[in-house]
Amino acid sequence: MADNNKQRTALVTGGTRGIGRGICELLKERGFNVVAGYGGDARKAEEFTSETQIPAYQWDVADFNGCQKSVEEISSNHGPVTVLVNNAGITKDGTLKKMTYDNWMAVIQTNLTSVFNMSKACWDGMLEDKFGRIVNISSVNGQAGQYGQVNYCAAKAGVIGMGKAMAQEGARYGITVNTVAPGYVATEMVAAVPENVLEKIVKTIPVGRLGDSSEIAHAVAYLVREDSKFISGSTISINGGQHMY
Ligand code: CAA
């Protein structure tokens, strides 16, 4: 089913694995010209491209100049990026007592500064086009907090505030900016949580299970539709009822 009057180029950071992959696959199905970004795992990215036929580009979303350069290259190869999904993210969990400055900064740079870098790289093109859809992927942990994640929670809460400011700035130009806040989804990131800790977390999810990437992707697909133009500055929580916010 095509959702668009015009085929648009949609760029999904962290798009070759986990939730990002789910988003890429659904946007492709909906008729977008999808491009994925990835940070480091070239083997997974090759597998992804051969299985989905979606091109994947490598760069570091924490690097401002790298984002500018990659968006220019992608736009020249695939058309202007007017749909951006800021999904790339990492965890470096540890209690405040044990967390190093480097682990604090790495998560802030990759999960929060990246949203600035990527949105800035795409913003002027969206202004020119008088159309833009930005969806930032936050987390239930940015809403509710999580033991052992001061870095991640700060970044994911930051993304929500930033999205609301961007939504106000983009409104007059046909640019919408929204946030999706997933709960615990069955991805490699969540699988890295110690089993005994994860078991306890799953017990706090009323639906009684982890989410699936496709259950996050469909909200993103909804927000980037042409006719979702009155939805901006909103946050959609998808967490199986774990945190009602
Ligand atoms: N509330 C209160 N106390 C807690 C607690 C909690 N939620 N979790 C652990 N503790 C307590 C433990 O009971 C333990 O207490 P005792 O020493 O008295 O037994 C103490 O804190 C230390 O716990 P750990 O042994 O687990 O400490 P650690 O230093 O080995 O590990 C940790 C700490 C790395 C934070 C580990 O608990 C952990 O990995 N937690 C999971 C964090 C998490 O949920 N990350 C999400 C990753 S996925 C993601 O982020 C995606 C998304 O968007 C949802």
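Keep in mind that the model is predicted.

Let's start with helix α1, which covers residues 18-29. Which residues of α1 are buried? They are Ile 19, Gly 20, Gly 22, Ile 23, Cys 24, Leu 26 and Leu 27. After α1 comes Gly 31, and its phi is positive, near 100°.

Now over to the ligand. It is surrounded by 18 residues, and the closest are Lys 98, Ser 139, Tyr 147, Tyr 152 and Tyr 184. The side chain of Lys 98 puts an N or O atom 2.7 Å from a ligand oxygen. For Ser 139, the distance from a side-chain N or O atom to an oxygen of the ligand is 2.6 Å. Tyr 152 has a polar side-chain atom 2.6 Å from an oxygen atom of the ligand. On its own the ligand has 1100 Å² of accessible area, and the protein covers 57% of that. Two elements give two or more residues to the shell around the ligand: α7 (188-191) and α8 (195-203). Sorted by class, that shell holds nine nonpolar, seven polar and two charged residues.

What about disulfides? As a reminder, a disulfide is a covalent bond between the sulfur atoms of two cysteines. A search of the whole structure turns up zero of them. Take Cys 24, back in α1. The closest cysteine sulfur belongs to Cys 122 and is 14 Å away from the sulfur of Cys 24, which is too far for a bond, given that the cut-off is 2.5 Å. Cys 24 is also buried, with a relative accessible area of 0%. Cys 153 counts as buried too, because its relative accessibility of 12% is under the 20% limit.

In helix α6 (residues 150-170) you will find Val 159, which is buried at 0% relative accessible area. Between Val 159 and Thr 179 there are 20 residues of separation in sequence, yet their C-alpha atoms are 7.8 Å apart in space. Helix α4 (residues 101-129) holds Thr 110. Is Thr 110 buried or exposed? With 15% relative accessibility, Thr 110 counts as buried. Its side chain reaches the backbone oxygen of Ala 106 at 2.9 Å.

Last stop: two loop residues with positive phi. Gln 53 is in the loop between α2 (42-52) and β3 (56-58). Its phi is near 65°, a positive value in a residue other than glycine. Gln 53 counts as exposed because its relative accessibility is 58%, and the limit for exposed is over 50%. Lys 130 is in the loop between α4 and β5 (132-137). Lys 130 is not a glycine either, although it has a positive phi of about 55°. With a relative accessible area of 56%, Lys 130 is exposed.

Technical notes. Residues numbered from 1 in each chain as written. Predicted model: local features only at pLDDT ≥ 70, side-chain atom pairs only at ≥ 80, totals over all residues. Heavy atoms only, no water. Helix = DSSP H or I, 4+ residues; strand = E, 2+ residues; numbered from the N terminus. Expected span 1.5 Å × (residues − 1). Buried < 20%, exposed > 50% of the residue type's maximum accessible area, 1.4 Å probe, protein only. Near = heavy atom within 4 Å. Polar contact = N/O pair within 3.5 Å; in protein donor to acceptor, adjacent residues only side chain to side chain. Areas by Shrake-Rupley, 256 points an atom, 1.4 Å probe, with all protein chains shown as cover. Nonpolar A, V, L, I, M, F, W, Y, C, P; charged D, E, K, R; others polar.
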